[in-house]
Structures are given as C-alpha cells and as structure tokens.
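Please look over the model shown here before reading the points.

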Amino acid sequence: MSTKRLLGTPAAILVLGGGLLGLTACGSDNNSGTSGANAPSAGSIPCGTGALTGAGSTFQKNIQLQWIKDYTGACSGAQVNYNGTGSGAGIQSFTDNQVDFAGSDSVMKPDEQSKANTRCGSGNAAIEYPVTAGAIIFTYNLPGVASLKLSPATLSGIFQGTIKTWNDPKIVADNPGVSLPSIPVQPVHRSDSSGSTDITSNFLDKTAGGDWKLGTGKELQWPGGQAAKGSDGVTAAVKSAAGGITYVEQSFAKANSLPEAQVKNGAGEFVSATGQSVGAALASAQTSESAGSVIVKADYATKAAGAYPVSAVSYVITCNKGNKAGPALKAYLTYATGKGQSSAEALGFAPLPDAIASKVQPVVAAIG
C-alpha cells in the first residue's frame, strides 16, 4: 500500500493539473497558455543552456508547458521537453536514466527510492519536492443533470461497480430533489500507473467508512468499468459516453466543458473545488523534510469547514548532486518554483504557498 502525501499549508488559489503529451515551448490544444503579462524577459531570470528532458505526472502537464514556453522564450540557449506519461512511468524513466527529472503525484516507495538513489550515483540521492498543488475532481456526463453531489461511500460504490444506475438509492440520497436518469453508470479509471489513482484511492480508503475494498496505489485491480490512458484519455472517454464518470485534474473538465460534482467532506458538507476550499483542506496537512526532500501529507478526512477533501500536491524528482545537466536543471527549476509560479492562477493552478516555497527553493538552489 503506497502512502500519498499532500501539501501541508493553505493554498491561496485553486490548484489543478494534468495532461499527457510531450511538450516543448510550443502550445497545446488543452492549454493555449497565458499572455506575455507573466512571461519573463531576456535577462530577467538566470538562464541555463542546453537540453533538458522530463517525464511523468500528467497532473503537471499544463503548467509545465507554460513554464517551458516562457522559460525557453526568455532563455534562447535552453531547450526543455516534458512528456506526460504518468507518475509511475516518470519514476521508471528517471530510474533508467532516460530523463533529467520526473514528475510524480506520489512520493516514491522505498524500492523506487533505492533504485533512484542508485541512478544518482555513489554518495548522491534522489530527492522530491512539490512544484504545484491542486484538486482531483469527479467529472461526469449526465444529460439533464447540471449539479451533482457525491459522498465518499457513493463514489466508492460507483468505482467498484456496486452502484450500477444513476438513480440508485445511494446517489438519490446524496441529491434530494434532483431528477436522476436510470441510465447505467459508466466509471472510467486510469489504465496507466497514475498519481491521480493514488490520490483518489487514498481519499476513498480514508473516508468511505470501510466500503472501499480495492486498496491504494498508482495501479489497482479494478472490478470493471472502462480504462483509458492519461488525464486526456479518461476525460475523452467520459465526454463521449452518457453516464460516464471519472476522477481527473480540474483543468481537463473545464477544457472539455464537463461538470464537476460536489464532494462530501469530513464535516458533512458537499463542497466544490475552489481556491478557498482547496486551501481549507490543505491547512491541516503536515509538512516534513527528510534527506533533502520536502514531503507533505494531507488529512483527507479533514473536518475543516468548507474544505474540498480531494486535494493534492505534485512533485518533481531529481538527484541532489550528480545531475548530468546540473546547471541547466537548477536554472529551469529555479524559474519554475520561483517566478514561474506567477503563471499558476491564470492556468487554474496555485502558486506554492510561501511556507512551502521557502522550503523548496533552497533544495533547488543546492542542486548540482
């Protein structure tokens, strides 16, 4: 069972994420990018030179794309690529020395840490630290239903296949007065090793009152439903199927004009994912520093008023020393965790809160 750790201080703005595609300084169908208002000018940031590659978390895709666009626009000698392959694949690519950095929504398990340390070389270590944070939402395709409320126990039944139609008594109980159709529920889950799956399974494991039987982790043995690869894939599957529902980073629901369910928190409130509600959820999280890493852990069952419970952080993994492109990597991540945070709000992400940024930035500054 993997342990999910999340951001430990209030986020000032809503946090979102995700995507899947290799990126360069170019744009994307999912994210047209922000205007030049937040883009750095040449000479305004320390620029690295040479090529960098990253892979992993689809959560990070949209903001990584913006960072790459702005950073390489200001730094003519820099080339950066990020491939949203999923957290598990990103960690594997890093371990196999195929990329300079990995993105992951889950902290490495002990065996992953050991292998990553070996990749970094004798005397060095693989380290992980948050670069952005956000909400995992439940988006659905239910004709005639513009507003939906779902409790953890109901979500558990939906994704385990025990709730089979949208007018099931458990869904009706969550939504008094709402006319729900009798069409089949079509749950969609990630087919790849996914931090979003890890976040969602840990949330349900902690909050569904023992109803959740599938365990936790980046990959689960799903009893049925449809599988799709990446955040793009699960969103497309729901958009094309009446009755579909999936868990995904909020930017994908918005980009596809799909609605988002309110989720019941530990205080008994049904709450939408907003900047305020994500911040309220993350206020009770714990932050720790260990062996050069910055680790955060959230309370999914928080009873904080107005908290959206399925809130998450996304990490970057690098070597502390011994990075083959050390100066270029440090320069890019210095921008991403510093001035690059000004791009977050316009994209639907959140700047790292000062309490977290103040711990992350010295870690980045020490990269070699």
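1. Basis. This is a predicted model, in which local features need pLDDT of at least 70 and side-chain atom pairs count only at pLDDT 80 or more, while totals for chains, interfaces and linings use all residues. Residues are numbered from 1 along each chain as its sequence is written, and side-chain values use heavy atoms, with hydrogens and water left out.

2. α1 and α10. Helix α1 (residues 61-74) and helix α10 (residues 326-337) have axes that come within 10 Å and cross at roughly 115°. Helices here are DSSP runs (H or I, at least four residues), as strands are (E, at least two), numbered from the N terminus. Axes are lines fitted to C-alpha atoms, for helices over the stretch in contact, with angles from 0 to 180 degrees between N-to-C directions. The two helices are therefore roughly perpendicular to each other (65 to 115 degrees; under 35 is roughly parallel, over 145 roughly antiparallel, the rest oblique). The crossing is right-handed (the near helix is turned clockwise from the far one by less than a right angle; anticlockwise is left-handed).

3. Residues of that contact. From α1, Gln-64, Trp-67, Ile-68, Asp-70 and Tyr-71 meet Ala-328, Ala-331, Tyr-332, Tyr-335 and Ala-336 of α10 (heavy atoms within 4.5 Å). They divide into eight nonpolar, one polar and one charged (Ala, Val, Leu, Ile, Met, Phe, Trp, Tyr, Cys and Pro are nonpolar; Asp, Glu, Lys and Arg charged; the others, Gly among them, polar).

4. α10 and α12. Helix α10 also pairs with helix α12 (residues 354-365), their axes coming within 9 Å and crossing at roughly 170°. The pair is therefore roughly antiparallel, and its crossing is left-handed. Lys-330, Leu-333, Thr-334 and Thr-337 of α10 touch Val-360, Gln-361, Val-364 and Ala-365 of α12. By class, this contact has four nonpolar, three polar and one charged.

5. α4 and α6. The axes of α4 (residues 152-160) and α6 (residues 195-207) come within 9 Å and cross at roughly 125°, which makes α4 oblique to α6. Pro-152, Leu-155 and Ser-156 of α4 contact Phe-203, Leu-204 and Thr-207 of α6. No charged residues take part; four are nonpolar and two polar.

6. Pocket. Which residues lie nearest the centre of the largest pocket? They are Gln-113, Glu-128, Ser-290, Ser-293 and Ile-295, out of eleven lining residues. At least two lining residues come from each of α3 (110-120), β5 (126-140) and β13 (293-297). The lining has five nonpolar, four polar and two charged residues.

How values were computed:
1 Å grid on protein atoms, 1.4 Å probe; cavity = no way out; pocket = protein on both sides within 12 Å on 5 of 7 lines; lining within 4 Å.
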